[in-house]
There are 2 protein chains.
Amino acid sequence: MAIAVDATRFQFQRDRILRAAAACFNQKGYSGTSLKDVARQLGLTDAALYYYVRNKEELVYQCYLRAADLGRRAMERARASGGNGFEQAFLYIRNHVEIMVGDAGPVAIMSEVPSLKPAHRNEILAISRRHSVAFEEILSNGLRDGSIADCDVRMTGNAVMGAINWIPKWFHGDPAVATQVLETFPDVLTRGLRKTSG
Amino acid sequence: MAIAVDATRFQFQRDRILRAAAACFNQKGYSGTSLKDVARQLGLTDAALYYYVRNKEELVYQCYLRAADLGRRAMERARASGGNGFEQAFLYIRNHVEIMVGDAGPVAIMSEVPSLKPAHRNEILAISRRHSVAFEEILSNGLRDGSIADCDVRMTGNAVMGAINWIPKWFHGDPAVATQVLETFPDVLTRGLRKTSG
DNA sequence: GCATTATTTTAATCCTGATTAGAATTTTTG
DNA sequence: CAAAAATTCTAATCAGGATTAAAATAATGC
């Protein structure tokens, strides 16, 4: 009954499982990965996973929750930076890209959100929406403070999110590529936002 | 034994099925859609689908093949236009976006490519690769002919493809939005490519 | 209209991977 | 070390959707 200072072992394993699952889902597709696949990667047996997760649906849900959370953190660090609109947009993108190609481990592409059970699906969708809105707000701020060139905020947001979310489709862990991505992607995505003159 | 001039009825139904399937996959997720779901949408019975497709795997494969083909056409029309690099890039994006939000019907997001059987998977991947390479070539041409500003060709390609491929995630058929997308998305995606001065 | 072919349905079957129960093992605690 | 709790395994079971076989219906050609 210790005052759970150490959410240690359980939480730790659970997180390993989520990362292994994310890796499997991204690499082998959702329908292509069985619980056995995920378990094997950790030297476990499929049944063992049920100690950490109610069922496969919840495994996916947790993966997505983790992905959403990492995105949220990237966003919050950017907003906390106190820069102008452009700087915050750039920073958010860099933070998020860093997560996608960095050692946070694989981040699951949210392709099976629609098949989550309603409560889970709605939660994930709500977080995603908040996330999008937050980015659009940054863009709006940038328009107002003059750091971002005139643009359709909604569409720009959709474009940027798409580009970021799609990363795991073509990035497969090569560290050299990771460096390149980190250096160029944020610039690629924000070039169009830069205010040219005044 | 007629010289199959009219691939009519069969091909027609098959295409309807592919579109219905694409719609289901995008809306309900891959694991969330059963063959019965797809069939019901057409007033058919699940078993009837087997007259048009060997199994579910092939249904997905055909959906992806169709998606890839639509993309290829968008690309070819752009290349055939004979414009400079920037113009071709812009045109390709417009063409492709038009397909994604237009009345070509829903285009399947290729999220389950990894779980296709090897031959199918490799074919889809090969097409995708060709597609990416083609776009990168357009960008390279633009760099050479001076119509596109200095940029990382590979990463720019990845960003643009991601943004386009992600469209079905947030576009759900609203015609007003379709118009907006068509008008703004190509501009959003190419702004960063425009040569500012010389 | 009749025969042939194309398309769809009904009614099983099948199969695979998720899930569960309970035993075994390992870890922790005192 | 003994008892309790935590974690994992073995061995079934189970469910649900994919798939099939055969019959029924619709379309087509003559």
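Me: Before we start, what are the ground rules for numbering and confidence?
Reply: Residues are numbered from 1 along each chain as its sequence is written, while chains are lettered from A and ligands numbered from 1 in the order in which they are written. This is a predicted model, where local features need pLDDT of at least 70, side-chain atom pairs count only at pLDDT 80 or more, and totals for chains, interfaces and linings use all residues.

Me: What makes up the secondary structure of chain A?
Reply: Chain A has nine helices and zero strands. Helices (H or I, at least four residues) and strands (E, at least two) are DSSP runs, numbered from the N terminus. Of the 198 residues of chain A, 40% count as buried, where buried is 20 or more other C-beta atoms within 10 Å of a residue's own, exposed is 12 or fewer, partly exposed is in between, and C-beta atoms are placed from the backbone.

Me: How do you know that the copies meet through the same surface?
Reply: Of the interface residues of chain B, 97% are also interface residues in chain A, so the copies do meet through the same surface. Contact here is a pair of C-beta atoms, placed from the backbone, within 7 Å. The contact takes 34 residues from chain B and 33 residues from chain A. On the side of chain B that touches chain A, α7(B) gives the most, with eight residues. That side divides into 16 nonpolar, 14 polar and four charged residues, the nonpolar class being Ala, Val, Leu, Ile, Met, Phe, Trp, Tyr, Cys and Pro, the charged class Asp, Glu, Lys and Arg, and the polar class the others, Gly among them.

Me: How do you know that the span of helix α7 of chain B agrees with its length in residues?
Reply: The expected span is 1.5 Å times one less than the number of residues. The 13 residues, 153–165, should therefore span 18 Å, and the end C-alpha atoms are 18 Å apart, which agrees.

Me: What makes α7(B) mostly covered?
Reply: Eleven of its 13 residues are buried, including Met155(B), Val160(B) and Ile164(B).

Me: Which elements do the buried residues of α6(B) pack against?
Reply: They pack against α4 (56–80), α5 (85–101) and α7 of chain B. The buried residues of α6(B) are Ser128(B), Phe135(B), Ile138(B), Leu139(B) and Gly142(B).

Me: Which residues touch the most other members of the largest nonpolar core?
Reply: Among its 110 residues, they are Ala21(A), Cys63(A), Ala21(B) and Cys63(B). A nonpolar core is a set of buried Ala, Val, Leu, Ile, Met, Phe, Trp, Tyr and Cys residues joined through C-beta atoms within 7 Å.

Me: What surrounds DNA strand C?
Reply: There are 17 residues, and the closest are Ser34(A), Asn55(A), Thr45(B), Ala47(B) and Ala48(B). Near means that a residue's C-beta atom, placed from the backbone, lies within 6 Å. α1(B) gives the most to this surface, with three residues.

Technical notes: Contact = placed C-beta atoms within 7 Å.
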